[in-house]
Amino acid sequence: MNTFFGNYLIGLREGLEATLVVVILVAYLVKSDRTSLLGRIWTGVAIAVGVSLAFGALLTFGPRGLSFEAQEAIGGTLSIIAVGFVTWMVMWMARSARSLSGDLKGQVDKAAAAGGAASLVLVAMLAVGREGLETALFLWAATAAADSTTGPLVGAALGIGTAVVLGYLFYRGAVKINLSKFFTWTGAILILVAAGVLAYGIHDLQEAGILPGLNNLAFDVSATIPPSSILGTVLKGVFNFSPATTWLEAIAWVAYVVPTMFLFVRMVWGSAPPPRVATTPAAEPGSTPSA
């Protein structure tokens, strides 16, 4: 159960993003009396899910049979790529959340006007598939450090399941939450989760002999926070924290978190609607101001 919460959060956030995309597409087609096109949306969603599952299976079973160094090299490289993807996703959502609905509706209109089943299938497949591929890669990277894959996979599955239920409730109008605050808080937490994955990826590359400094520790708090303790398990599972951290891991963690969190907070504040300012209607030409 080490990485249960971290992967639950990943599954919930990524799943909710994908679910909201589907909800917007379906609701727009229903409200615009184009229900005959719904089958194309669901076909695109099914293809995206299948491709994401196949990608996850390739990541899981592909490296088996390779040498230890090769597995560590592949794992470290993919972990760093996963951090890049999740960082882009968090920043994109912070910047584009307010215009997501309008952008998707515009794509649906263009696809419907173009005619042919392939256009709408492609819109749904790309919209959902991007989230699915990112989720598969990041979950694989976050799970690579776990002693067992059962807890992390269950956590991710429950997160995605929760997202699907919330999406249905959104569609039915039964639940209304502040999505802006939700994505802000989960985005900030995911940046810390991604930093842990980055540090773990650096450690993998050190074990593969690609990066130096495997035995140069910045700190070792294993005696204070044993890896098998509850605190050590929680920190390891959620943030990939290692009680014995090399200098290169520590430098990479700080170098990632500080600028990324600063940019994220700046983007969130910058996308907030400006405060309303009371204005006095302009006087009509020729009118006389009252005393």
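Which residues does Phe138 touch, not counting residues up to four places away in sequence? In this predicted model, the list runs Ile10, Ala82, Val86, Leu190, Val193, Ala194 and Val197, with contact taken as heavy atoms within 4.5 Å. Local features need pLDDT of at least 70 and side-chain atom pairs count only at pLDDT 80 or more, while totals for chains, interfaces and linings use all residues. Numbering starts from 1 along each chain as its sequence is written, and side-chain values use heavy atoms, with hydrogens and water left out.

Phe138 also turns up in the largest nonpolar core, which has 31 residues; Phe138, Leu190, Tyr256 and Phe264 have the most contacts inside this core. A core here is a set of buried Ala, Val, Leu, Ile, Met, Phe, Trp, Tyr and Cys residues joined through side-chain atoms within 4.5 Å, where buried means under 20% relative accessible area, exposed over 50% and partly exposed in between (1.4 Å probe, protein chains only). At least two residues each come from helix 1 (4-31), helix 3 (68-96), helix 5 (117-143), helix 7 (179-207) and helix 9 (247-271); helices (H or I, at least four residues) and strands (E, at least two) are DSSP runs, numbered from the N terminus.

As for aromatics, a search of the whole structure turns up one pair. The ring centres of Phe219 and Phe241 sit 6.2 Å apart with planes at 15°, so the pair is stacked (centres within 6.5 Å; planes under 30 degrees apart count as stacked, over 60 as edge-to-face, the rest as tilted). Phe219 belongs to strand 1 (residues 217-220) and Phe241 to the loop between helix 8 (230-239) and strand 2 (244-246), 22 residues apart. Phe219 counts as partly exposed at 31% relative accessibility, and Phe241 counts as partly exposed at 23%.

Methods: Rings of Phe, Tyr and Trp (its six-membered ring) pair if their centres lie within 6.5 Å; planes under 30 degrees apart count as stacked, over 60 as edge-to-face and the rest as tilted.
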